[in-house]
Amino acid sequence: LLWEMFAFSKKSAKGGKAKEKRQKVQQKKEKQAHNNRVKLRLIEIERATDERLEEDIRSEKRKLEILAPVKKSKRSKIEEESSTESTETPQEQWKPTYSLTLNHLKADANPKKKKPSSDESEKNTKETMEERRARLKAAHFRSLNEEMYTSDGNTSFEKFKTNPELFEAYHEGYRHQVEKWPTNPLDHMIEYARKMPKNTVMADFGCGEAKFAQTLHKKYKVHSFDLVAANELVTACDMTHVPLEDQSIDLAIFCLSLMGTNYIEFVREAYRVLKPNGYLLVAEVTSRFDKFNRFGRAMESLGFDMMSKKNLGKMFVWGEFQKNAVRKPLKDVSYVLKPCVYKKR
């Protein structure tokens with residue numbers, strides 16, 4: 001009997017817990033349903049409010065757009081009659097004046113611009129044509145520049161040798177670019193070279209219009225090399241084969257001229273013509289380097305020791321290297337400089 005009583009009480013307890021659980025689930029469902037009804041009601045109220053606001057706005061606009069007649073005051077009428085005799089008919093005299101509509105208000109807020117005179121229009125046309133020419137020249141320069149970065153030196157040499165006018169177009173665009181730079185790396189190289197002894201022999205690889213030689217040729221012997229001879233100071237050649245004897249110069253510079261896909265061969269040629277312990281200066285656009293130390297290790301593989309490195313503002317990086325006469329250049333060297341490729345416009 002006791003055992004049966006115990007089992008019955010246990011069963012009752014389980015039944016009470018199950019009932020309590022069912023009640024909690026039911027309460028939760030009712031609460032959720034109530035919350036859903038409240039949300040729906042709020043959405044309906046919000047929609048109705050928005051509709052009323054839109055209707056109010058539309059009605060206000062209609063009121064503004066309706067022309068509201070305003071009769072002239074008696075005082076203004078008497079003043080007009082006393083000042084001058086009116087020739088208008090009674091209907092015209094009492095013709096109502098109207099308030100400004102929205103269109104009039106917009107017209108007052110944005111008055112029409114005066115048409116330019118013939119001289120002004122001609123001037124604007126000339127400016128537009130000049131701007132178009134400038135854009136075309138800039139686009140031509142970018143195209144040539146990108147082609148030089150993505151071709152080997154010999155291909156570029158043959159192309160400019162066949163079409164020297166392209167070289168002139170390139171350097172015209174280059175001059176416009178230099179005017180926009182906050183600093184010119186070539187000026188820093190010139191200042192560096194001025195501190196060298198008088199008997200120093202120098203070579204400018206990729207000299208352009210030979211500004212380096214024009215500035216220093218009275219004091220130093222300067223060899224200038226590029227794909228086309230822009231003037232009498234420049235020797236036209238491929239940068240992988242310059243007409244100099246082995247170990248014949250003290251200083252070589254590459255100012256923004258490591259441009260070909262075989263630029264490593266340009267550096268090898270500089271190593272060939274430099275005297276033991278001769279110096280090599282390199283200046284390039286900052287965006288071409290992932291890390292300058294990688295470029296420094298590549299230069300070590302080509303037989304140079306890195307002496308110093310500095311940033312010339314945010315646009316350019318300068319590196320000073322010295323030829324190591326003991327360590328010979330390796331045959332396989334990684335190309336670490338990225339080409340300058342422009343975004344499509």
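## Cysteines

In this predicted model, the sulfur of cysteine 237 lies 8.7 Å from the closest cysteine sulfur, that of cysteine 207, which is too far for a bond. A search of the whole structure accordingly finds zero disulfides, a disulfide being a pair of cysteine sulfur atoms within 2.5 Å.

Cysteine 237 counts as buried, because its relative accessibility is 6%, and cysteine 255 is buried as well, with a relative accessible area of 9%.

## Nonpolar cores

The largest nonpolar core has 34 residues, and those with the most contacts inside it are Phe205, Leu258, Leu280, Phe295 and Phe304. The elements that give two or more residues to this core are the strands S3 (201-205), S6, S7 (274-285) and S9 (316-323), together with the helices H10 and H11 (292-301). Of these, H10 gives the most, with seven residues.

Leucine 258, one of the residues with the most contacts inside the core, is in contact with Tyr149, Tyr263, Phe266, Val267, Val282, Glu284, Arg288, Phe295 and Leu337, when its neighbours within four places in sequence are left aside.

Helix H10 is largely enclosed by the rest of the structure, because eight of its 11 residues are buried.

Asparagine 262 has its place in the loop between strand S6 (249-255) and helix H10 (263-273), and with a relative accessible area of 15% it is buried. The side chain of asparagine 262 reaches the backbone nitrogen of glycine 153 at 2.9 Å. Not counting residues up to four places away in sequence, asparagine 262 touches Asp152, Gly153, Thr240 and Tyr335.

## Aromatic rings and charges

A search of the whole structure finds 13 aromatic pairs. Through such ring pairs, Tyr170, Tyr174, Trp181 and Phe316 are linked into a cluster.

Charged side chains are also placed over rings: the charged end of lysine 310 sits over the ring of tryptophan 318, at 4.8 Å from its centre, while the charged end of lysine 323 sits over the ring of tyrosine 271, at 4.4 Å from its centre.

## Positive phi angles in loops

Most residues other than glycine have a negative phi. Against that background, alanine 210 has a positive phi, near 65°, in a residue that is not glycine. Alanine 210 lies in the loop between S3 and helix H9 (211-216), and it counts as buried because its relative accessibility is 0%.

Glutamine 247, likewise not a glycine, has a positive phi of about 50°. The place of glutamine 247 is in the loop between strand S5 (234-236) and S6, where it counts as partly exposed, at 46% relative accessibility.

How values were computed. Residues are numbered from 1 along each chain as its sequence is written. This is a predicted model: local features need pLDDT of at least 70, side-chain atom pairs count only at pLDDT 80 or more; totals for chains, interfaces and linings use all residues. Side-chain values use heavy atoms; hydrogens and water are left out. Rings of Phe, Tyr and Trp (its six-membered ring) pair if their centres lie within 6.5 Å; planes under 30 degrees apart count as stacked, over 60 as edge-to-face and the rest as tilted. A charge sits over a ring if NZ of Lys or CZ of Arg is within 6 Å of the ring centre and within 35 degrees of the ring normal. Buried means under 20% relative accessible area, exposed over 50%, partly exposed in between (1.4 Å probe, protein chains only). Helices (H or I, at least four residues) and strands (E, at least two) are DSSP runs, numbered from the N terminus. A polar contact is a pair of N or O atoms within 3.5 Å; within protein, one must be able to donate a hydrogen and the other to accept it, and residues adjacent in sequence count only if both atoms are side-chain atoms. Contact means heavy atoms within 4.5 Å. A nonpolar core is a set of buried Ala, Val, Leu, Ile, Met, Phe, Trp, Tyr and Cys residues joined through side-chain atoms within 4.5 Å.
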